[in-house]
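Hi there,

Here is the structure I promised to pass on. Have a look at it first, and my notes follow below.

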Amino acid sequence: MRTFIPTYTMSGNEHFFEGAEKLLEIWFEETSDNRNDLRNIARCDWENVLSHVNCEIISFSKNDLIDAFVLSESSMFVSKRRWILKTCGTTTPLKCLSELIRLASLNGYNIITDLFYSRKNFIRPEAQVAPHKGFTEEVSYLDTLFPNGRSYCLGSMNLECWYLYTFSRSDMKLTGPGHITDEFLDADPDQTIEILMQNLDVNAMSVFNKKNTTSASEATSISGIDKILPSMHIDDFLFDPCGYSMNGINEKGEYMTIHITPENLFSYVSFETNVAMTNYRNLINQVINTFKPGKFIVTIFANKCSLAYETMKELEVEYSKESHWKRTDMQCCNFPSYNLLFAQYSYNGKNNCK
Ligand SMILES: C[S@+](CC[C@H](N)C(=O)[O-])C[C@H]1O[C@@H](n2cnc3c(N)ncnc32)[C@H](O)[C@@H]1O
């Protein structure tokens, strides 16, 4: 395999990696021609898209419903009309949007129904590259492409927060004809849960270091990652000397993805899935018991057709009862077609297990 250059930041001799990802999810409007499919886009075209982001493909898996790419900095998932790009370090995902929109249009998708761009606050924003040097800059960039987009900051702006830019279906027409009318508006159930963890337990993180573990599959099973959602077919990667990424996909076209920066000074783990559940409490517990963070953020998006739409407020009570976790923030938003829950927790235990 080719050696790729990580988007490390070096300051003197100090090694630093920004684990927090920038997450883009775009849905295109279904068309009357069933042959249209984003998965028809060729690998070399994806490589070109990713060259604008400053990352590359290191592994690939697929089934009948979804293509999953492990990247040098996180992941990309491609379904018929949905595209997800999650990249960390100092990558520049917004820079690939024009090319992505052009390729989608060539493949029959001229209308974006929903776009979500989100990220946690960076540890070192000053190390980022334009247009990611701040959320204001990111919003200005996105506004040039999506004039009716809206931006939000959830959490505490002067402490820990999570930024969101969202654009929802309008009459935005990218090029030419080929779109269908409102009667055919898509209403697939959709939900996404993300758990973004920091200050992780040193022992739990030691598994993701090549000094202690010889292969990615060993790290996957020793850590218990393979037990979180057992229906997933896993494609995993262990970085040298440390770091871990995995994509999981199942027969329903659902995905999960985990990315781990184990370095003690700036440890970070992200978990994300779109698996439909009426209640995410058990899943959240399993994830935090696997990685043992000192603090974490949970975000859940669910649209009106999703199983999770009515039930996600249950989180409001669940963790507040838990003695080990103090909920430091919680916000709910109702968007036109999605509900969003944001909650932040830090460890409040008296013992040492974090
Ligand atoms: C790409 S992975 C996971 C990123 C993910 N966003 C996260 O932090 O959860 C990043 C981890 O792999 C390590 N790493 C080692 N070689 C790397 C490379 N060539 N590119 C990116 N990260 C590398 C980094 O130091 C870091 O610990």
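The mean pLDDT of the chain is 89, and 86% of the residues reach at least 70; pLDDT is the predictor's confidence in each residue, from 0 to 100. This is a predicted model, in which local features need pLDDT of at least 70 and side-chain atom pairs count only at pLDDT 80 or more, while totals for chains, interfaces and linings use all residues. Residues are numbered from 1 along each chain as its sequence is written. The model's scores are ipTM 0.93 and pTM 0.91.

Two stretches call for care. Residues 1-5 stay under 50 in pLDDT, and the model gives them 2 contacts beyond four places in sequence (a contact means C-beta atoms, placed from the backbone, within 7 Å). Residues 171-185 are also below 50, yet this stretch has 23 contacts beyond near neighbours in sequence. Where pLDDT is low, the predicted coordinates should not be read in detail.

Now the fold. The chain has 7 helices and 18 strands, taken as DSSP runs numbered from the N terminus (helices H or I, at least four residues; strands E, at least two). Of the contacts between residues at least 6 apart in sequence, 66% join residues at least 24 apart.

An open sheet is built from 8 strands in the order β12-β13-β14-β15-β11-β16-β18-β17, with antiparallel pairing; strands pair if DSSP finds at least two bridges between them. Its edges are β12 (233-238) and β17 (325-334), each of which pairs on one side only. From one strand to the next, the twist averages 10 degrees. Within the sheet, β11 (residues 191-198) and β16 (residues 295-303) run antiparallel and are joined by 8 bridges, and Q198 stands opposite K295 in β16.

Two helices pack on this sheet. Helix α5 (residues 216-223) touches β12 and β13 (244-249), its direction making about 115 degrees with that of β12. Helix α6 (residues 281-291) touches β11, β15 (268-273) and β16, and makes about 25 degrees with β11. Axes here are lines fitted to C-alpha atoms, for helices over the stretch in contact, and angles run from 0 to 180 degrees between N-to-C directions.

Finally, the unreviewed UniProt entry annotates F17, E73, F239 and E263 as "binding site"; positions follow the numbering used here, feature names are shortened, and annotations may be inferred rather than shown by experiment. F17 sits in the loop between β2 (14-16) and β3 (22-28), and E73 in the loop between β5 (67-71) and β6 (74-78). F17 counts as buried because it has 24 C-beta neighbours inside 10 Å, and E73 is buried with 27 other C-beta atoms within 10 Å. The cut-offs are 20 or more other C-beta atoms within 10 Å for buried, 12 or fewer for exposed, and partly exposed in between, with C-beta atoms placed from the backbone.

Best wishes
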